[in-house]
Amino acid sequence: MVSYKELGLVNTRDMFAKAIKGGYAIPAFNFNNMEQLQAIIKAAAETKSPVILQVSKGARNYANPTLLRYMAQGAVEYAKELGWEKPQIVLHLDHGDSFELCKDCVDLGFSSVMIDGSALPYEENIALSKKVADYAHQYDVTVEAELGVLAGVEDEVQAEESHYTRPEEVIDFSKRTGCDSLAISIGTSHGAYKFKPEQCTRDPKTGRLVPPPLAFDVLDAIMEQLPGFPIVLHGSSSVPQEYVDMINQYGGKLPDAVGIPEEQLRKASKSAVCKINIDSDSRLAFTAAVRKVFAEKPGEFDPRKYCGPARDLMTELYKHKIINVLGSDGKA
Ligand SMILES: [Zn+2]
């Protein structure tokens, strides 16, 4: 048993309370490798933004759970080295799908876990989420639960059909589970193909897809039921077209990739939405930078020469999100 406090991490409680009051959102960035982690910490340290490091079940399998935990501990020390005296860093399990997985993360030093029972029938979702919350709270680890179903693919999470969160269920659900924050479904979606072309319109000038707007009426109804309760948005990459273009220009193939427009995320950040999950955008930035090096310098075979530019582009992306979209800069 390792407490996250020994690792220099914090849970989400104070962070979310301040974010709701201050009208901004905390970035939750997924990481699987060293370059992503370096980019996240550098961006957060340079902008003094609280940050949530997210690890999915797939990332744990990819990188090794023990190694990931020590990477997070290293991240705290790295942040201090960068001049961030009191780093506000959360280590969070993204889409935990069982009590055992969540318990394992709590025991390994995570400061926050998500239990995703959203695919289960309502009562089973409550029972599972409550079991996780009861365990995690003994160690002051915060818990995110989910109501409503997001479409799209994220590691091992996949749903064909989405349905919005039902505002009439949120009071009952949050009370009975004891969760600290609630992930909702209002039209965001996992992956780089958030909408099918037939769900979108096309900009006549650029020919690009224009996605349908998020269901802010549902968000408003949820906030009315649960005033001041922390809300989480998953699947909130904006799929920057500059990266999609770079990937396609240098030999990739991502036709009609489309995300959530940043102005909608900006609007959400000002509400009780206090955690916004961004993963695909960093995957796109990484891939775009690597493809560019490979296309321009086919003789290059030193991974540092293509992972380095990828890291730089991701750092730029994270800083942009923090400063221009979520508004969390200067809040830590
Ligand atoms: Zn998600």
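Which residues are buried in helix 12? They are A310, R311, L313, M314, T315, L317, Y318, K321, I322, V325 and L326. This is a predicted model.

**Helix 12**
- Helix 12 covers residues 303–326, 24 residues in all.
- At 1.5 Å a residue it should span 34 Å, and its end C-alpha atoms are 32 Å apart, which agrees.
- An α-helix has 3.6 residues a turn, so residues three or four places apart point the same way.

**Helix 2 against helix 4**
- Helix 2 packs with helix 4 (residues 65–81) at an angle of about 35 degrees.
- The axes of helix 2 and helix 4 lie 10 Å apart, and the crossing is right-handed.
- From helix 2, L37, I41 and A45 meet M71, A75, Y78 and A79 of helix 4.
- This contact holds 7 nonpolar residues, no polar and no charged ones.

**Strand 8 and its partners**
- Strand 8 (residues 181–184) is covered on both faces.
- S181 and A183 are buried on one side, L182 and I184 on the other.
- Strand 5 (residues 142–147) runs parallel to strand 8, joined by 4 bridges.
- L147 has I184 in strand 8 as its bridge partner.
- Strand 12 (residues 231–233) also runs parallel to strand 8, joined by 3 bridges.
- A183 has V232 in strand 12 as its bridge partner.

How values were computed: Residues are numbered from 1 along each chain as its sequence is written. This is a predicted model: local features need pLDDT of at least 70, side-chain atom pairs count only at pLDDT 80 or more; totals for chains, interfaces and linings use all residues. Helices (H or I, at least four residues) and strands (E, at least two) are DSSP runs, numbered from the N terminus. The expected span of a helix is 1.5 Å times one less than its number of residues. A residue is buried if 20 or more other C-beta atoms lie within 10 Å of its own, exposed if 12 or fewer, and partly exposed in between; C-beta atoms are placed from the backbone. Axes are lines fitted to C-alpha atoms, for helices over the stretch in contact, and angles run from 0 to 180 degrees between N-to-C directions. A crossing is left-handed if the near helix is turned anticlockwise from the far one by less than a right angle, and right-handed if clockwise. Two residues are in contact if their C-beta atoms, placed from the backbone, lie within 7 Å. Ala, Val, Leu, Ile, Met, Phe, Trp, Tyr, Cys and Pro count as nonpolar, Asp, Glu, Lys and Arg as charged, and the others, Gly among them, as polar. Two strands pair if DSSP finds at least two bridges between them.
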